[in-house]
Amino acid sequence: MIKTMEQIGLPFAGDIKTDVLVMGGGSTGIGAAAGVAKSGKKVLLVDKNSSLGGMATLAAVSTICGAYSADKSKKIIGGIYQEWMDELRELDGINEGADFGRHRADVCDHHLLKTAADRLLMHYNVDLLFQTQVIGTKCDNGFIQYILLSNKEGIFRVFADKYIDCTGDADITAQCGAPFEIGDGNGNIQAATTVFKMANVDINVTEALPQEQFNNLVKQSKENGEYNLHRPSGVFMTSAVGNSIICNMNWITGFSPLNGKEMTEAEIEGKEAAIEYSKFLKDKVPGFENSYLAEIAEQIGIRETRRIIGEIVLTEHEIMNGAQFDDAISWGAWPVEYHDPSQSQAKKTYLKHDYQIPYSTLIPQGISNLIVAGRSISTTQFANASTRVMAPCLAIGHAAGVASAIAIKHDTDFKNVDINLLQNTLSNQGAIL
């Protein structure tokens, strides 16, 4: 193996050994790594980017959805998620529990959120490798032998007892040959968005602007052909810091996030769309008259790609009816929010009840030492439109991290983890079950 790499010009940089390897440093990976460390095992988290947070930070989404109950009365995600938000509060970077009418969310400064994540994981002595890409998986007979990583030093092999796929795209699962599904089964997925920020906004005016009035301004401008606006509406919210607005408005469609060339074109299109929408806001929307485009997200915001086909598949019917499970590891309550480019509308179905996410949705078929966390868990496409948001993804990651530690301690695979022990450990670590 090492000779082969050197023969084709890939420098071998060495072997790394750890108890658990977490791949992906978004909200899910943060939860997973901290969960492992709090449970007493050594963990390495690797991410291809230069900071933690994933969609929340690098895609500048900023609004952390899914932490509150369907009736808005209480938080349903605690534990490591709350620790992360507490770190952010110390940095004066959060508007906690912002009320958006029919739901609540935590609005964060996405730059300070990166540092809050650093502080959280350093507190738990998590080993971190940024700007490091997973490039291969050695998987034999349903067992991962090692993972190949690449950075400027060269190629590393990482040997771990357990592996957690927090890539958001089920990359490791796919490399191992386990079954998965993309979008609706035919590859059609939700629209993506390039978030941007407008500064020097008259916040008093924008916060009083009815959504219907804003939608009408978009509709009128589209009908008049004044601007190239993709989406029939769009949302914006006041930033947690300063007189700025975070804008979640454009839709980028017709590409696969799993295709490098198509992703490149989508990134370029997203930046152009942000500029176009900023012109529309400044020219047409009250409160934005003296504003300017202050920032375009570092990367496009992806809503879905692969989902594993696991032990069970969580359905939208179960979500809509507040299903509860014996192996529950998290609550969920975010609306079923599906951004449908084919019908040019964002479909949002609000829930009457909170629901539970079962541990069995994290288990890929046929790989004994791999667990999957985050938006790639085993659900239907429309169930995923609720489970994919960041607060429950972090809670799912937390559960995957704790399950990894338990599986190592008891010398078992993920499928046979003691559920009562898992749930009790999560509760002792502050998770809300």
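**View 1. Charge over the ring of F180.** The charged end of R306 lies over the F180 ring, 5.3 Å from its centre; the criterion is NZ of Lys or CZ of Arg within 6 Å of the ring centre and within 35 degrees of the ring normal. The model is predicted: local features need pLDDT of at least 70 and side-chain atom pairs pLDDT 80 or more, whereas totals for chains, interfaces and linings use all residues. Residues are numbered from 1 along each chain as its sequence is written, and side-chain values use heavy atoms, without hydrogens and water.

**View 2. The pair Y146 and F159.** The ring centres are 5.3 Å apart and the planes stand at 55°, so the pair is tilted (rings of Phe, Tyr and Trp, the last by its six-membered ring, pair with centres within 6.5 Å; stacked is under 30 degrees, edge-to-face over 60, tilted the rest). Y146 belongs to strand β8 (residues 143–151) and F159 to strand β9 (residues 154–165), so the contact ties together parts 13 residues apart in sequence (strands are DSSP runs of E, at least two residues, numbered from the N terminus). Y146 is buried at 9% relative accessible area, while F159 is partly exposed at 24% (buried is under 20%, exposed over 50%, partly exposed in between; 1.4 Å probe, protein chains only). R157 lies over the face of Y146, 5.4 Å from the ring centre.

**View 3. Aromatic cluster.** F214, Y227, F236, F280 and F288 are linked into a cluster by ring pairs. The whole structure holds six aromatic pairs.

How values were computed. Helix = DSSP H or I, 4+ residues; strand = E, 2+ residues; numbered from the N terminus.
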